[in-house]
Amino acid sequence: MCLGIPGQIAAIADKDAKLAVVDVGGVKRTINIAFIVNKDHSVESCVGEWTLVHVGFAMVRIDEAEAAATLALLREMGEYESELDNVRQAVA
Amino acid sequence: MKYVDEFRNPEQAKALSQEIRALASRIGRTRERPLQIMEVCGGHTHSIFRYGITQFLPEEIEFVHGPGCPVCVLPMGRVDDCVALAELPNVIFTTFGDAMRVPGSKKSLLKAKAGGADVRMVYSPLDALQIARQNPYREVVFFGLGFETTMPSTAMTVLQAKAEGIPNFSLFCNHITIIPTLRAILDAPDLNLDGFLGPGHVSMVIGTRPYEFIASDFSKPIVISGFEPLDVLQSVWMVLKQIAEGRAEVENQYGRIVPRDGNPLAQKAVHEVFEVREFFEWRGLGSIDYSGVRLRDAYAAYDAERKFKLPNLRVADPKSCQCGDVLKGLIKPAQCRVFGTQCSPETPLGALMVSTEGACAAYYRYGRIDTSGLAKRPQSNVTEIAA
Ligand code: SF4
């Protein structure tokens, strides 16, 4: 919950609602990107970027190296699978 | 050094370790009166245990595991309130998975679910909102929990619920804030801390400025730290360097994630939706002034505490558990009288045993190879203290 997980923004799902599809370890899910967009950084410009995702919200933009390091850290801490399971948890 | 090979840069870790030792001997503490550094955040606690970071530190440096695991500081009375909400006939109670096994005075949410209550694990508050959309004739309550890291997400979800006019969604707000908590820790007379590792992801939201009082009012150094083992080591080194040079400042080791001003958009959402509570109850620490938030009046319709009648009782922690002493750094987890016996990750008595970010759970999992503090204050329970 507190460590978050890095994901890469794959597509914009809903521009007005600031929802994007993010790829987290191969799992795709819709997240909210309202906290990382502003007048200098549009919704569209997020596509392809890496972000740290906490409970379904993109909280900060990160570079690819940071994303890779954080993923490795989560794996080593044994948090990766459980976080991914959480992300996977689809709402039926 | 069992784990050193797993460091992405073992050479750097060794070099830092040497510099830390040099600084520590310059400061000149002893193992009897060690330098105490509190890692505020449960993520750091986990990292420290996972990588056995104390083996890189000399004996005269000791970690005090702070209160920064939101699940761990949830008082029993609040868990009872959760269970009461979940057991209401028309309610779907939604929660992060971490909170499922936290014991209440009678049962956990997991037990309530087994007993027939409609408790559902969600990844995001947005999922809870989605459940509310799909079940317009049911009341969907989301159990909001966490420090400033998760607070903006909950705030944004409430804003969304209001914008869409979803009447059957409400928030049981248990969000807590780190700054009053740190102040309470610093004000405590029985505490003897020399410095802090500041939380990484809370700071990503609030920035580094709110910590300035720690340096200015209490003359203690604080270094905002990342979670990599090297981050933690480097942050310890930075704290020590401040002490050795007679400085007390807020420094940021995690600049790649934490901007000085935090995330203004996230702060705005939080400010719009939440206001400070006069006090909030913490497990093991008692009541701390201004340490929690609640929904503002404008969002009363989304406040589960106003929408439903809650028992809202204060429940004392079980006598045998010493979570408060662990949280204050007065004892190490393994020194709790029920550690590993009545209290284990399978049957947690205290919340520190529930989450992987809780000091007791971390100690249980990795503690047998970690000698942090134990050699200095030997106690029963732990048999495998590495020589
Ligand atoms: S061992 Fe259990 S009861 Fe004792 S401090 Fe840890 S969590 Fe609390």
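**Interface, cavities and salt bridges**

Modeller: The contact takes 33 residues from chain A and 46 residues from chain B. Please keep in mind that this is a predicted model.

Colleague: What area is buried between chain B and chain A?

Modeller: About 3,300 Å² is buried between the two chains, and carbon and sulfur atoms give 62% of that area. On the side of chain B, Tyr123(B), Met156(B) and Leu265(B) supply 21% of the area that this chain buries against chain A, more than any other three residues.

Colleague: And how many salt bridges does the rule find across the interface?

Modeller: The rule finds two salt bridges across the interface of chain B and chain A. A salt bridge joins the side chains of Arg256(B) and Glu66(A), with an N to O distance of 2.5 Å.

Colleague: How many residue pairs are in polar contact between the chains?

Modeller: Between chain B and chain A, 12 residue pairs are in polar contact, counting pairs with both residues at pLDDT 80 or more. As for the side of chain B that touches chain A, the elements giving two or more residues include helix H2 (42-50), strand E5 (139-146) and helix H14 (359-366) of chain B. The largest share of that side, six residues, comes from H5(B). By class, the side of chain B that touches chain A has 23 nonpolar, 14 polar and nine charged residues.

Colleague: Changing topic, how many cavities of 30 Å³ or more are there?

Modeller: The count comes to six cavities of 30 Å³ or more. The largest cavity has a volume of about 90 Å³.

Colleague: Which residues line the largest cavity?

Modeller: Both chains contribute: among the lining residues are Leu3(A), Ala69(A), Leu73(A), His201(B), Phe227(B) and Tyr254(B). Glu66(A) and Arg256(B), the salt-bridge partners, also line the largest cavity. Helix H1 (residues 64-76) of chain A gives the largest share of the lining, five residues. The lining divides into six nonpolar, two polar and four charged residues.

Colleague: Back to salt bridges: what is the count over all chains?

Modeller: Over all chains, the count comes to 28 salt bridges. One of these joins the side chains of Glu49(A) and Arg61(A) at 3.9 Å, N to O. This pair links distant parts of the chain, 12 residues apart. Glu49(A) lies in the loop between strand E3 (27-32) and strand E4 (50-54) of chain A, whereas Arg61(A) lies in strand E5 (residues 57-62) of chain A.

How values were computed
Residues numbered from 1 in each chain as written. Chains lettered and ligands numbered in written order. Predicted model: local features only at pLDDT ≥ 70, side-chain atom pairs only at ≥ 80, totals over all residues. Heavy atoms only, no water. Contact = heavy atoms within 4.5 Å. Buried area = accessible area lost by both parts, 1.4 Å probe. Salt bridge = Lys/Arg side-chain N within 4 Å of Asp/Glu carboxyl O. Polar contact = N/O pair within 3.5 Å; in protein donor to acceptor, adjacent residues only side chain to side chain. Helix = DSSP H or I, 4+ residues; strand = E, 2+ residues; numbered from the N terminus. Nonpolar A, V, L, I, M, F, W, Y, C, P; charged D, E, K, R; others polar. 1 Å grid on protein atoms, 1.4 Å probe; cavity = no way out; pocket = protein on both sides within 12 Å on 5 of 7 lines; lining within 4 Å. Points joined across faces, edges and corners; volume = space filled by probe spheres on them.
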